[in-house]
Amino acid sequence: MSKRIVVIGGGVIGLSVAHACASRGHRVTVVERGAAERDDGCSFANAGMVVPSHFVPLAGPGMIALALRWMLDPESPFHLKPRASAGLVDWGFKFWRACNKTNVARAAPLLRDLHLASRKVYEQWTSQWGDRFGFTPSGMLVLCRSEHALAEEARVAAFARELGMPADVLTPDEVARIEPEIRVTIAGGVYFPRDARLVPARLMSALLDETRRIGVELRHGIDVHGFRVTGARIDAAQTTDGAIEADEFMLCAGVWSSSLARTLGLSLPMQAGKGYSLTLSKPPATMRTCAILSEARLAVTPMDGALRVGGTMEIGNSDETIDPARIRGIVKSIGTYFPDVTPRALADATIRSGPRPCSPDGLPYVGRFARYANLSAATGHAMMGVSLAPITGTLIAELLSGERTTLPIDALAPDRYARARSEPVKETSVATETGMNG
């Protein structure tokens, strides 16, 4: 049966959800606060990686110690923006509890399966739409400057092979044979052949075109500021352009989904993990694959002749201002791996930033809320939004259509940290913040 579905948020997750739902015959409206023509935010500024190799969640063993060590360095890859916030303290406690081997053992097989399923959808889109977004199954390199880092990454590679994922530990000469056009100063690396890359702006353009083509209504420049509720059902989203009624409502608004959930008495723990990207339109050298720079926690991707470098994690910072110290850290770090990519070469780079939605355990929120019969979430993908967007859309479309989901999603439940308010919302709830749907 066809349903009316409102998707709040028109980033790569929201558009993927909208496309999958409309492809099953549902009538979908996407509500997005940003303009139709834009190139800002995480969906555009990311490194464009499709990464089955990223099966270890952000909340892994050793992350707390590493974060504490980096905290005092303003140019480090990690920073916690201090502020008086009960939500930040609560998130930090949950993150600390999740940084263990048990969480990794639970999450790794699921993340592997999600990434591989998403990669398959990207292959299908490429077959159906043509070379619209530069999908290239080139694999990914993890580059290490020190022997210590190489040993750590070799252990990850061994874990990957246990999970059935090919991974090869390489010498510097073997890396050079994969990347002959750029000088690299490293102790070695790991190659993950199942990873791929794409061009984020072209992906967003293709998704906008394809969703329109199959009948999705795209409403840009509109904020959602609350909901009209009757009992356990949401009747309408209250927006700056009036009320929008529907049968199902989707929270796909990135980190702002938490604020929208709170207006309904729901707990959806997330913190913004602000990241930066620098794009060189005419790099001094380019690459054939994408790469992760292990110690620096940077991602490097060739894009239509350009080269994009992305990284840093500023927990709790949801604005899009540019911190010069973060940029200095990125510029200094990349040159230690790629001597030809000098500070002078990076001086003309286009700099962007965006707040990635980070859950405490490193898994996204995908599924229904228990309190409301017609409210679901697809958010909290952190650095994996592009990589997991297609399968997220598929899973939500299956769920809302009453089908069995392709993969089990119990571990992704948005209620897994449920701490509902004592009194349910009876009629109308209005958000105290605007600009929730990004």
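The legends below describe close-up views of a predicted model.

**Figure 1. Overview of the protein chain.** The protein chain contains 12 helices and 21 strands. Its radius of gyration is 21 Å, close to the 22 Å given by the globule rule for 438 residues, so the chain is as compact as a globular protein of that length. The C-alpha trace spans about 65 × 45 × 45 Å along its principal axes. Of the 438 residues, 59% are buried. The accessible surface of the protein chain is about 17,400 Å², and carbon and sulfur atoms account for 53% of that surface. Among contacts between residues at least 6 apart in sequence, 78% join residues at least 24 apart.

**Figure 2. The open sheet of six strands.** The strand order is E9-E2-E1-E13-E20-E19, and the pairing is mixed. Strand E9 (217-220) and strand E19 (365-368) are the edge strands; each has a single partner strand, so one side of each lacks a neighbour in the sheet. On average, neighbouring strands of this sheet are turned by 20 degrees against each other, direction ignored. Helix H12 (residues 385-400) packs on the sheet and touches strand E1 (4-8), E13, E19 and E20. The direction of H12 makes about 10 degrees with that of E19.

**Figure 3. Parallel pairs within the sheet.** Strands of a sheet pair through backbone hydrogen bonds, either parallel or antiparallel. E1 runs parallel to strand E2 (residues 27-32), and five bridges join the two. Val-6 has Thr-29 in E2 as its bridge partner. Four of the five residues of E1 are buried, which leaves this strand mostly covered. Strand E13 (residues 248-251) is joined to strand E20 (residues 375-379) by three bridges, and these strands also run parallel. Here the bridge partner of Met-250 is Ser-376 in E20.

**Figure 4. Packing of helices H1 and H12.** Two packed helices are described by the angle between their axes and the distance between the axes. For helix H1 (residues 12-23) and H12, the angle is about 40 degrees and the axes are 7 Å apart. The two helices cross in the right-handed sense. On the H1 side, the contact is made by Val-12, Ile-13, Ser-16, Val-17, Ala-20 and Cys-21. Residues contributed by H12 include Gly-385, Val-386, Ala-389, Pro-390, Ile-396, Ala-397 and Leu-400. Gly-393 of H12 also takes part, as do Thr-392 and Thr-394.

Figure 5. Five of the seven residues of strand E11 (residues 233-239) are buried, so the strand is largely enclosed by the rest of the structure. Strand E10 (residues 224-230) pairs with E11 in the antiparallel sense over six bridges. One of the residues in this pairing is Phe-227, whose bridge partner in E11 is Ala-237. The hairpin of E10 and E11 has two residues between the strands, and Gly-231 takes a positive phi near 60 degrees.

**Figure 6. The hairpin of E11 and E12.** E11 is also joined to strand E12 (residues 242-245), here by four bridges, and the two strands run antiparallel. Two residues lie between E11 and E12 in this hairpin. Thr-239 has Gly-242 in E12 as its bridge partner.

Terms used
Residues are numbered from 1 along each chain as its sequence is written. This is a predicted model: local features need pLDDT of at least 70, side-chain atom pairs count only at pLDDT 80 or more; totals for chains, interfaces and linings use all residues. Side-chain values use heavy atoms; hydrogens and water are left out. Buried means under 20% relative accessible area, exposed over 50%, partly exposed in between (1.4 Å probe, protein chains only). Two strands pair if DSSP finds at least two bridges between them. Axes are lines fitted to C-alpha atoms, for helices over the stretch in contact, and angles run from 0 to 180 degrees between N-to-C directions. Contact means heavy atoms within 4.5 Å. The radius of gyration is taken over C-alpha atoms; the globule rule is 2.2 Å times the number of residues to the power 0.38. Accessible areas come from the Shrake-Rupley method with a 1.4 Å probe; for residues, only the protein chains shown count as cover. A crossing is left-handed if the near helix is turned anticlockwise from the far one by less than a right angle, and right-handed if clockwise.
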